[in-house]
Amino acid sequence: MVSWEECSKTQPRVVKLLKNSIRKQRLAHAYIFEGAHGTGKMATATVLAKTYLCRNSEDGNPCESCPNCKRITSGNHPDVHIIAPDGQNIKIDQIRGLQKEFAYSGMESSKKVYIIEHADKMTVQAANSLLKFLEEPGNDTIALLLTEQVHRLLDTIRSRAQTLTFSPLPPQGILEKLLKDDIPKPVAMLASSLTSDYAEALEICREEWFAQARAKVIQLTEDLRLRPDYCLVVLQDQYLSFFKEKDQLRLALNLLLIWYRDLLSIHLSNSENVVFFDQLQALEQQALHTSQKKTGEALQAILTAQARLRSNVSPLMVMEQLVLRLREG
Ligand SMILES: [Zn+2]
């Protein structure tokens, strides 16, 4: 069961604002909840609906035990409507259906809430139909439009609603969600430090290739440390044949960057920040044989390699030069 407290963990600002509006009885008639996938828009919409319809709401919190709260928890309250894309789009018939439902008075009171998921997927006709609905002096109705792409909503709709921006999850929040989704921790740690979009992180983790790429980069750091000359020899066969596409090589460089940041963390005695936490021993070994200054130079060399790759220098040349610089460290 979602609660304000739960939502507040990731979206403290939005929750504070909404609860204040509830306490002062100054909720707007329409809100746009915009932000990346997985930032808690639907959970927040549900708690808001519950608080609004609760019979014994106190200090901006739903009681969780009245019939309204219970029906919203079980997802079958007659005065809370949720619309989601039917296939690719939200169609005009779906909006008309909503208007029809809302023409009848509410079961318990006149208070009603409707939630439109992926509101940016409304067809132009659907959006215009909704617009008329928003323009009607909607007594006790609250509209919640959820979107990951707010710029795709009609300006006319945006101007009639209050937009609340849901912040991207911090790496820790993404990590926790990935772990809940049964992603192994080493992979989850790495993915959550690569992106602040939960959906993207999950997709990365679910690719078999990503775990292999991680292992490959760990192998590269070992080769650099223990067999620096051999490393150059096998660069093409062992590494570039695996990181074939430019995107793949870009990712490899990002992973390498994280590895050297970890190394820096160890130099600074911040080993609790290490992303490659299951490689702590290897990192500590490496730290013994290099200095903080050298590690900083290695980070710089990786950033330079990334820039060279972007400006279309051949991958082999970029990597050869990088390996030469890294093995000096
Ligand atoms: Zn209640």
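A residue is called buried under 20% relative accessible area, exposed over 50%, and partly exposed in between. The structure shown is a predicted model.

**Exercise 1.** Classify R227 and its salt-bridge partner D223 by accessibility.

*Solution.* 
Step 1. The closest N and O atoms of R227 and D223 are 2.7 Å apart, and the two residues form a salt bridge.
Step 2. R227 has a relative accessible area of 30%, so R227 is partly exposed.
Step 3. D223 has a relative accessibility of 3% and therefore counts as buried.
Step 4. The pair belongs to a network of salt bridges that links E222, D223 and R227.

**Exercise 2.** Determine which residues supply the donors of the zinc ion, and why their arrangement is called tetrahedral.

*Solution.* 
Step 1. The protein donors are the SG atoms of C54, C63, C66 and C69, at 2.2 to 2.4 Å from the zinc ion.
Step 2. Along the chain, these donors follow the spacing C-x8-C-x2-C-x2-C.
Step 3. C54 lies in the loop between helix 3 (41–53) and helix 4 (67–73), whereas C69 lies in helix 4; the pair is 15 residues apart and links distant parts of the chain.
Step 4. Four donors count as tetrahedral if all angles lie between 85 and 135 degrees. The angles around the zinc ion are 99 to 119 degrees, and the arrangement is therefore tetrahedral.
Step 5. C54 counts as buried because its relative accessibility is 8%. C69, at 0%, is buried.

**Exercise 3.** Describe where the partners of the salt bridges D59 with R23 and R250 with D247 lie.

*Solution.* 
Step 1. The closest N and O atoms of D59 and R23 are 2.7 Å apart.
Step 2. D59 is in the loop between helix 3 and helix 4, and R23 is in helix 2 (residues 12–23); the two are 36 residues apart, and the pair links distant parts of the chain.
Step 3. D59 is exposed at 52% relative accessibility, while R23 is partly exposed at 41%.
Step 4. The side chains of R250 and D247 meet at 2.8 Å, N to O. Both residues lie in helix 14, three residues apart, which is about one turn of the helix.
Step 5. R250 is partly exposed at 35%, and D247 is exposed at 55%.

**Exercise 4.** Explain why helix 9 is described as largely enclosed.

*Solution.* 
Step 1. The buried residues of helix 9 are V187, A188, M189, L190, A191 and S192.
Step 2. Six of the eight residues of helix 9 (residues 185–192) are buried, so the helix is largely enclosed by the rest of the structure.
Step 3. The cover over these buried residues includes helix 8 (171–180), helix 10 (198–206), helix 11 (208–226) and helix 14 (246–267).

Definitions and conventions:
Residues numbered from 1 in each chain as written. Predicted model: local features only at pLDDT ≥ 70, side-chain atom pairs only at ≥ 80, totals over all residues. Heavy atoms only, no water. Buried < 20%, exposed > 50% of the residue type's maximum accessible area, 1.4 Å probe, protein only. Helix = DSSP H or I, 4+ residues; strand = E, 2+ residues; numbered from the N terminus. Contact = heavy atoms within 4.5 Å. Donors = N, O, S within 2.8 Å, 3.2 Å for Na, K, Ca; no water. Tetrahedral: all angles 85-135°; square planar, octahedral: opposite > 155°, others 65-115°. Salt bridge = Lys/Arg side-chain N within 4 Å of Asp/Glu carboxyl O.
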